[in-house]
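Morning, everyone. I'll keep this brief. Please have a look at the model first.

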Amino acid sequence: MPTHDNETLDASADATVIEEFRAHRGKVGGPFEGRDLALLTTTSAASGTPRTTVLGYVRRGESLMIIGSGSGTPNHPGWYHDLLAHPVVGVEIGTRNLQMLAVPDQGAHSEELLDHTLPAVHGTGAHPASAVRVPLVVVLEAADPEEWEGRPREIRTLADKVMEVHTWLRGQLRQVKAETDAHFAARAAHQGPGEPPAPGLGLQIRQRCLAFCQALEFHHTSEDDHLFPGIARYHPELGAVFDRLRDEHRTVARIQNDLAVLLAGVGIADPQRFRTELAAMSAELNTHFDYEEKEIVPLLADVPWPPAPPAGVEDGAGAAK
């Protein structure tokens, strides 16, 4: 299949398929005609730039499964390393553009997926059979919590927007906690033959937690660099409030760093410590959000969102002539 699995692949060939995909509402011809193809856009783990890859997929309920064959090489493809570093990915199917959470599959779904995707090349030429790795499977699922309790019905002001972000982050944190609790409950309930769930918290929780931490870091950086200085120009009397909020950002960042240490590998060495750190972050973050919503959010109730365009710039007015 056309992918970036093989680093020697002619990039122009992949670019041609991507262009055809977008021009024909997700349909391509040639050897890929009739196949279920998706465009996966990851953030490069090395450079931070976007990388788009063409991959076959199969549906599994509300999720999608994609495969990385490595074109017969013993190395994982570049996009796989990308999604381990940045779990939230862009997915194009037909004319739909989605944000999804990428989770490497820990089950035995490779054969199911191989039956529905393009033939992979294994053990050819320069790669002896002993060096060829088993194809990896990645599950793409909804990036957002299923329910957003308290989400504003309409986003009309900057206050609404901040509350929407807070609600989303709270929902993500609850979902990470629920998955962690489910893991421990499954281990405690295991009886009889067969292996219990793996001692680590697993890739599902790793990816969800990493995505949450990255979104939280972006939110706090945006507040420190833009939102707070903008409000302070009109409300200099709130200096102590902003100092407290920035201190809380640093506290949350420290807990995030501790979680990152535990998430450094595919497995998690100390699940109980992870749950303790997660509880500390949950308590700290909810206290922080409550304080910010009391002291700052009311000041944003009259600020329209999205921002109005500059005077004279409307419906293309002011464009270069």
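Start with α6 and α7, whose crossing is left-handed. Left-handed here says that the near helix is turned anticlockwise from the far one by less than a right angle; clockwise would be right-handed. Helices are DSSP runs of H or I with at least four residues, strands are runs of E with at least two, and both are numbered from the N terminus. The α6 and α7 axes are 10 Å apart and pack at about 160°. Axes are lines fitted to C-alpha atoms, for helices over the stretch in contact, with angles from 0 to 180 degrees between N-to-C directions. α6 and α7 are therefore roughly antiparallel. The cut-offs: under 35 degrees is roughly parallel, over 145 roughly antiparallel, 65 to 115 roughly perpendicular, and the rest oblique.

A word on sources. This is a predicted model, where local features need pLDDT of at least 70, side-chain atom pairs count only at pLDDT 80 or more, and totals for chains, interfaces and linings use all residues. Residues are numbered from 1 along each chain as its sequence is written, and side-chain values use heavy atoms, with hydrogens and water left out.

Next, α5. This helix covers residues 202–232, 31 residues in total. From first C-alpha to last, α5 reaches 43 Å, close to the 45 Å expected at 1.5 Å a residue. That expected span is 1.5 Å times one less than the number of residues. Where is the kink in α5 centred? On E223, at about 45°. The bend is the angle between axes fitted to the seven residues ending there and the seven starting there.

E223 is also among the α5 residues that meet α6. Contact means heavy atoms within 4.5 Å. Others on the α5 side include C209, L216 and F228; α6 brings F242, H249 and L259, among others. By class, that contact has eleven nonpolar, three polar and four charged residues. Nonpolar is Ala, Val, Leu, Ile, Met, Phe, Trp, Tyr, Cys and Pro; charged is Asp, Glu, Lys and Arg; the others, Gly among them, are polar. The α5 and α6 axes come within 11 Å and cross at roughly 165°. That makes the two roughly antiparallel.

α2, residues 78–85, crosses α5 at roughly 65°, with axes within 9 Å. So α2 and α5 are roughly perpendicular.

Two backbone items to finish. W305 and P306 are joined by a cis peptide bond, omega about 0°. P306 sits in the segment after α7. R25 is not a glycine, yet its phi is positive, about 55°.
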